[in-house]
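Student: I would like to go through the labels used for a protein structure. Please show it first.

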Amino acid sequence: MVEEGSTLLRRMEISVAEAEKRTGKNTVNMQEIFTVYLIETRPIDAITEGHNPAPDSLWRRYSEFEILRNYLLVTYPFIVVPPLPEKRAEFVWHKLSADNMDPDFVERRRVGLENFLLRVASHSVLSNDKILYHFLTEVDICLPLSRRFTEMKHYSDELQSLTSQLLRVRARVADRLYGVYKVHGNYGRVFSEWSALEKEMGDGLQSAGHHMDAYAASVDDMLEEEEHYADQLKEYLFYAEALRAVCRKHELTQYELETASSDLISKKQQREELATGMVRTFSFKGMTNKLFGQETPEQREAKLSLLEEQIVQGEETVTEKTVECEEYVKGAWVDMQRFKEQKDRDLREALIGYAVMQISMCKKGIQVWTNAKECFHKM
């Protein structure tokens with residue numbers, strides 16, 4: 001890692017060497033096209049000593065850069081964090097392409113991402129962050145865990161949306177099937193009435209009518225069985241909201257930790273300003289001192305003592321919130337994996353059962369018409 005007070009850029013050569021288009025599956029198992037960027041790093045010490053080692057390299061997506069920047073914004077709220085290049089082409093001159101996969105746009109974004117890393121790595125505070133160092137040098141870092149919660153939140157939205165669509169389609173299919181079944185009751189009525197007019201054909205028509213009536217009546221039992229499968233789908237429609245609640249709790253836990261950390265930093269800055277008598281930024285306290293004079297030594301000591309107590313409490317709060325956040329992340333992620341296995345098992349069972357039921361319905365329809373055909377042959 002870098003020494004305290006030294007910027008990372010003085011110790012490491014950093015570049016975003018190239019961009020590459022790839023195809024893969026997202027969290028909802030759908031194909032997508034995305035761009036990845038090759039980050040290359042090399043220790044400057046090795047270069048100055050006359051060696052020319054091959055750079056270490058790893059691929060990162062734009063979304064991972066976003067997570068890194070969001071982490072820096074939360075962890076260092078008092079720092080002007082460098083911006084990322086635009087994710088989508090905006091404010092484009094009419095003769096330039098607005099396509100995100102356009103090679104010229106991808107190249108401009110590559111240059112912008114490299115500039116972002118260089119600015120962060122040259123900052124006296126940001127460059128000493130361990131997460132930044134891991135982002136540049138290690139494939140598996142703690143950032144993907146935060147990304148997993150974000151992806152899980154998106155997944156819950158997609159799960160709810162797709163389950164809702166499936167339930168709507170099922171309702172339309174059930175409505176049409178109900179109509180088809182009930183129309184067979186009309187067949188039964190017509191065959192029965194017709195049988196009263198025919199002597200030789202009467203028995204065959206009446207038997208066929210009975211088969212049609214029985215088929216029409218079976219729709220109620222069929223729809224009741226189908227509702228059972230619909231309820232299984234609805235359960236996961238509501239599970240999606242429960243999944244989002246877990247993600248929201250994670251966001252709240254993170255926010256409480258970030259707030260406690262920010263408050264602690266503020267208290268330490270106040271202590272430094274009070275101890276040195278130097279106010280770095282405009283404040284009401286500074287204006288008060290100018291208007292009404294400086295505080296007495298006794299007043300300053302009392303405030304310093306109070307700040308020291310608040311800082312100790314703040315450090316304890318940050319420690320507690322850090323432990324709480326880590327425990328929540330571990331516990332939540334384990335249970336999310338359990339939920340995923342349960343969901344896969346339950347939905348697979350429900351969908352197979354639904355398919356078997358539909359096959360059984362079709363076989364019943366074929367059997368009804370086979371029986372009717374035999375009745376017609378006997379006429």
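The questions and answers below set values against definitions.

Tutor: This is a predicted model, in which local features need pLDDT of at least 70 and side-chain atom pairs count only at pLDDT 80 or more, while totals for chains, interfaces and linings use all residues. Residues are numbered from 1 along each chain as its sequence is written, and side-chain values use heavy atoms, with hydrogens and water left out.

Student: Why is D221 called exposed?

Tutor: Exposed means over 50% relative accessible area, buried means under 20%, and partly exposed lies in between (1.4 Å probe, protein chains only). D221 has 56%, so it is exposed.

Student: Where is D221 found?

Tutor: D221 is in helix 7, residues 219–276. Helices (H or I, at least four residues) and strands (E, at least two) are DSSP runs, numbered from the N terminus.

Student: Which residues gather with D221 in a patch of negative charge?

Tutor: D220, E224 and E225 gather with D221 on the surface. Asp and Glu count as negative, Lys and Arg as positive, and His and the chain ends are not counted. Patch residues have over 30% relative accessible area and no salt bridge; like charges are joined within 9 Å, and nonpolar side chains (Val, Leu, Ile, Met, Phe, Trp, Tyr) within 5 Å. The place of a charge is taken as NZ of Lys, CZ of Arg, CG of Asp or CD of Glu.

Student: Which residues make the nonpolar surface patch?

Tutor: F78, V125 and I265 make a patch of about 230 Å². Accessible areas come from the Shrake-Rupley method with a 1.4 Å probe; for residues, only the protein chains shown count as cover. F78 lies in the loop between helix 2 (62–75) and helix 3 (103–121).

Student: Why does F78 count as partly exposed?

Tutor: Its relative accessibility is 47%, so F78 counts as partly exposed.

Student: How does the reach of helix 2 compare with what is expected?

Tutor: The expected span is 1.5 Å times one less than the number of residues. Helix 2 has 14 residues and reaches 20 Å from its first C-alpha to its last, close to the 20 Å expected. Among its buried residues are Y62, F65 and L72.

Student: What makes R110 and E107 a salt bridge?

Tutor: A salt bridge is a side-chain nitrogen of Lys or Arg within 4 Å of a carboxyl oxygen of Asp or Glu. The N to O distance for R110 and E107 is 2.8 Å, and their side chains meet in a salt bridge. Both lie in helix 3, three residues apart, about one turn of the helix. R110 has 13% relative accessible area, so it is buried; E107 has 38%, so it is partly exposed.

Student: How far apart are the closest N and O atoms of E308 and R271?

Tutor: They are 3.3 Å apart, and E308 forms a salt bridge with R271. This pair links distant parts of the chain: E308 is in helix 9 (residues 297–378) and R271 in helix 7, 37 residues apart.

Student: How many salt bridges does a search of the whole structure find?

Tutor: The search finds 19.

Student: Why is R10 counted as exposed?

Tutor: R10 has 66% relative accessibility, so it counts as exposed. R10 is in the segment before strand 1 (12–25). R10 and S122 are 112 residues apart in sequence and 7.7 Å apart in space, C-alpha to C-alpha.
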